Each structure stands twice: as structure tokens, then as C-alpha cells.
Amino acid sequence: HNASLQHNASLQHNASLQHERLVADEKPSMKQPRRLLLLVAAAARAVTGAAAATDPLLETAIAGGQEYVNLDIRFGPDVYRIPVGVNATCEEKRRHLQGVMPEGMLGQGCTNRACAALVTLAELLPSCAAYCEAAMGDAKLERTSTVEPGALWRGSPGGAVTSLKGQRFEAVARAFLGAHGYASAGGAAEPLAKLFEEQNRFDPKYADLGEVVLYELAHAEARVRPPTAWFDDLRAVGWHRMPGADRLSLFPESRVAQARRALEAVTGHVRFNFLGGRGTDASTRLARGWVERFALAHFRADDVLVFTDSWQAHAPLGPFDRTLDAAQPKWNPKLANNVSFIRDAMTSPARDEWVAHLMFLGRGRPPPPSAFRDVAADQLMRVDASYVATLCSSGATLAPAGDNAWSRRFYEAILCCSVPVVQRSEHAGRTDADLELGYRYHVYDPAKPASAYGYERDWATRNWHLFANHSTLLSPASVEGFECPERTFSSVPV
């Protein structure tokens with residue numbers, strides 16, 4: 001949703017763009033969103049191995065003796081034709097697409113050209129889908145900074161600098177200086193690193209509507225006024241670019257209490273679970289391809305798999321797959337809260353009134369009733385009790401990245417004393433500071449057996465206290481002595 005809200009739908013024509021514009025034969029529906037229209041069913045089948053990947057476009061071009069194949073990309077009422085080499089590798093095709101795609105074509109969960117190029121390539125050339133899934137990991141981690149020539153000293157180098165989430169900016173600064181022959185200019189690395197930090201503070205990969213709402217709810221419940229910098233940022237950059245890379249995720253006390261009640265009510269334990277979207281947008285589909293492979297390899301009949309965004313046309317993966325169970329809640333916030341609803345809620349007079357209430361917290365009295373708070377708690381950040389109950393009964397929770405390089409499910413699993421399973425370590429938190437807290441988790445490796453992803457009670461307890469101490473406003477005394485439960489798992493066959 002953040003990617004869609006930040007996306008500028010007006011296409012800027014670029015004379016240097018290496019493509020041919022075609023006029024669509026049919027007039028698009030007025031309800032058709034102005035974003036890249038892509039379906040990834042073919043790519044998903046190729047990634048999961050459900051069907052052999054074939055490329056009709058390439059086969060036709062090869063049969064005709066062509067050196068190039070045209071990739072036609074529909075965007076609103078237009079179709080853009082981009083030629084790529086028939087014999088080029090998937091990496092070469094991706095780089096060519098990335099270089100010529102207009103910025104206006106971002107969408108489908110993408111906030112940079114690298115991601116958009118991978119989504120396009122996976123849909124149009126299924127044989128590249130596995131490559132695109134693997135490459136999407138780095139694409140979603142990319143950060144870009146710009147150094148102006150002469151900014152550090154007279155004649156100092158300039159240029160664009162690409163780094164990845166999790167890389168220390170000081171190391172990135174030193175590498176940049178060293179690449180330009182200034183390896184000994186160590187004194188310049190610190191101010192350059194600060195420049196990178198400031199430029200990337202509101203990078204889209206750190207922005208999230210839910211984190212904004214939870215941050216404010218946490219302060220309201222604790223009756224603590226948010227820092228002045230919070231209100232300054234709301235005015236300067238807007239809620240859609242917050243909370244920023246310099247703020248840890250924050251959960252309200254009510255979320256912690258909900259998880260603790262669910263833990264106390266657990267009567268039986270399962271090894272694994274995943275309840276969430278498989279591919280609400282095209283980039284998320286690529287980012288979560290490993291979830292199906294993990295489930296097929298390791299889930300047993302009593303484990304829980306529910307896809308909340310594709311259940312109407314879904315073929316169950318096994319007895320553990322409860323996607324088609326009519327009694328299984330399938331709340332999906334991204335489907336329930338469309339872009340228009342979110343924009344209206346976040347720009348409403350009720351929202352302005354709510355922010356004004358937050359500015360006067362900390363005087364020993366709770367904020368007055370708020371229509372925005374009700375919408376935030378019951379709709380924007382609604383969490384089903386059955387979802388929390390499943391996480392709290394599970395030894396491990398799959399926490400794949402989604403339209404960004406992290407998932408709130410990582411934190412929700414920790415609150416439920418469930419050990420998160422991620423595809424890569426950079427997904428273990430929203431910000432670089434989260435990554436450095438020391439959370440313990442499992443990293444997916446297709447070569448590992450199910451036993452490698454077991455429940456570790458000491459990990460779960462350590463994670464819970466780290467989160468309570470750094471990502472809530474609870475007092476240390478209120479969480480002292482908490483221990484995650486012992487778990488006993490039945491010997492149900494796969």
C-alpha cells in the first residue's frame with residue numbers, strides 16, 4: 001500500500017527512453033488503476049515447479065531467426081514495447097529493462113526500477129522466474145545515495161552510491177572513497193556516512209502505514225507524548241514516508257496483552273504456521289515463493305497454512321493447507337483497506353484531531369475518545385484473535401518479506417514466543433537498528449531438514465524481552481521474569 005500511495009501515476013515521457021510506444025486497441029476501464037498491470041500466475045508455477053517454464057515469446061523469436069524479442073508492457077491506456085536480446089542471460093535482460101523503464105511504471109509493490117524490472121521479466125519470460133525470485137531479495141534491499149562533487153572538499157568525488165539494508169553507512173562511505181582513490185581519507189568517511197543516513201532516513205523501504213499507527217497507539221495507551229521530532233516529521237515529510245529509518249518499531253501494550261492471553265490459553269502446539277498473503281502484489285509473490293516450498297517439504301498434517309489473498313482459486317498443498325476451510329478467518333488488511341480508504345482516513349479531520357490529542361499527552365489523563373483511533377484499531381490495524389492464537393501455539397512462524405524487505409509478522413511471532421523463520425537475515429526487522437538488536441531466528445535453507453527449524457525456548461524468551469524492552473513502552477518491572485512456555489509437539493506424520 002505504501003508503494004502505491006507514494007507512486008506518481010503520471011507517466012513522464014523521456015526522449016532517451018529506448019522503447020516504442022504503441023496505442024492500445026481497447027479503451028481501458030475507468031476503474032483500471034494507472035500502474036503496471038501484471039499477472040504472475042505463470043511465473044509462480046515456474047518458481048514452485050508446478051509446471052515446466054516455457055517462453056512462447058522467445059520460442060517464436062528463435063523460430064523466426066530474430067536476435068531480439070519484444071516485451072510489450074501495458075501501462076494504463078498505453079503499451080510500451082522494449083526489445084531484449086534473445087540470447088541474453090536473465091541478468092542481462094533484467095539490467096536492460098531496469099535501464100529503460102520509466103520511473104512512472106513503478107507499482108506492484110515496487111519502489112525502485114530493479115524490482116519493477118524483475119516483476120516484468122518474471123511475468124513475460126517464465127524461464128527467468130527462478131532468477132527473478134532470487135534477485136528480488138537484493139532488489140528490495142537496495143538504497144541509493146547521491147554525493148555531489150566537491151561536497152566533502154574541493155575536488156572531492158561525486159556520484160550515485162548503492163548500498164543494501166543492513167550495511168553500515170560508514171563502511172559504505174569508506175568503500176566509496178577507496179573506489180575513487182581516497183582510501184586514506186578516513187576523516188571524510190564519518191561526514192559522508194552521516195550524509196547517507198540523512199538521505200536514506202525516509203527511504204520507502206522503511207516507511208509503513210501500520211508502523212505509524214502502532215507508534216501512535218503505543219504512546220496513547222501509555223499516556224506518553226510522542227517526541228517533538230515525530231510531529232515535525234509529520235509536517236515535513238508526511239505520514240506516508242514515516243516512521244523513518246531511525247525509529248525502532250513500536251507496539252502498544254494492548255498487543256502485548258493480547259499475545260500473553262493467547263499464550264495462556266494454548267492447549268496444543270504445532271511446529272509451523274503461515275497465515276498471510278501469498279502475493280497481494282507481484283513483487284510479494286516473488287518474495288514469498290519459498291513459503292510454498294517450505295510447506296511442501298516440512299509441514300505436517302497438524303501444522304497450519306492459510307493464504308488469505310488467493311483462497312477463491314486455490315489448490316490445497318496438503319492436509320495442513322486450510323486455505324479453503326470456510327471456518328478459517330482470512331482477514332487480509334491489504335485487501336480490506338484499499339488505497340482510497342487509507343488516504344481518506346489519514347487525511348481526515350478525525351486524524352487531525354487525533355494528532356492534536358497526541359501533542360497534549362503526558363499530563364496524567366488519557367486521550368479523549370477518537371473516531372480515528374477507532375478506525376485505526378478496528379480496521380487499519382485489526383488483528384484476528386484466531387491469527388494470534390495460531391502464532392502463539394506454534395514453535396516457529398514463517399515470516400517472509402512482502403512488498404518490502406521485512407514483515408510485521410516477525411514481531412508478532414516474537415510476541416507469541418514463536419521463533420521466526422526468514423529467507424535472509426536482512427528480513428529480521430524493519431530498520432538497521434532492529435537488525436542489530438540480536439534477535440534469534442532461523443534462516444531458510446532448502447537443504448536443511450525440518451528439525452533445523454525447531455522451537456528454542458531460550459531464543460523465544462530472549463527475543464520476547466528484547467522486543468518488550470526496545471519496541472514497547474512497557475516498564476521493565478511489568479515484564480520482569482516472563483518466560484516463554486515449554487512446547488510439546490505430537491508425532492503427526494508429514
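Guide: Helix H19 is followed by Cys417, whose phi is positive, near 60°. The model is predicted, so local features need pLDDT of at least 70 and side-chain atom pairs pLDDT 80 or more, while totals for chains, interfaces and linings use all residues. Residues are numbered from 1 along each chain as its sequence is written, and side-chain values use heavy atoms, with hydrogens and water left out.

Helices (H or I, at least four residues) and strands (E, at least two) are DSSP runs, numbered from the N terminus. Buried means under 20% relative accessible area, exposed over 50%, and partly exposed in between (1.4 Å probe, protein chains only). Among the buried residues of H19 are Arg408, Arg409 and Glu412, as well as Phe410 and Tyr411. At the start of H19, a side-chain oxygen of Ser407 comes to within 3.1 Å of the backbone nitrogen of Arg409.

Cys417 forms a disulfide with Cys484, the two sulfur atoms being 2.1 Å apart; a disulfide is a pair of cysteine sulfur atoms within 2.5 Å. Cys417 lies in the loop between H19 and strand S9 (419-422), and Cys484 in the segment after helix H22 (476-479), so the pair ties together parts 67 residues apart in sequence. The torsion about the S-S bond of Cys417 and Cys484 is about -75°, so this disulfide is left-handed. Cys417 counts as buried, at 0% relative accessibility, and Cys484 is buried at 0% as well. A search of the whole structure finds 4 disulfides.

Methods:
A polar contact is a pair of N or O atoms within 3.5 Å; within protein, one must be able to donate a hydrogen and the other to accept it, and residues adjacent in sequence count only if both atoms are side-chain atoms.
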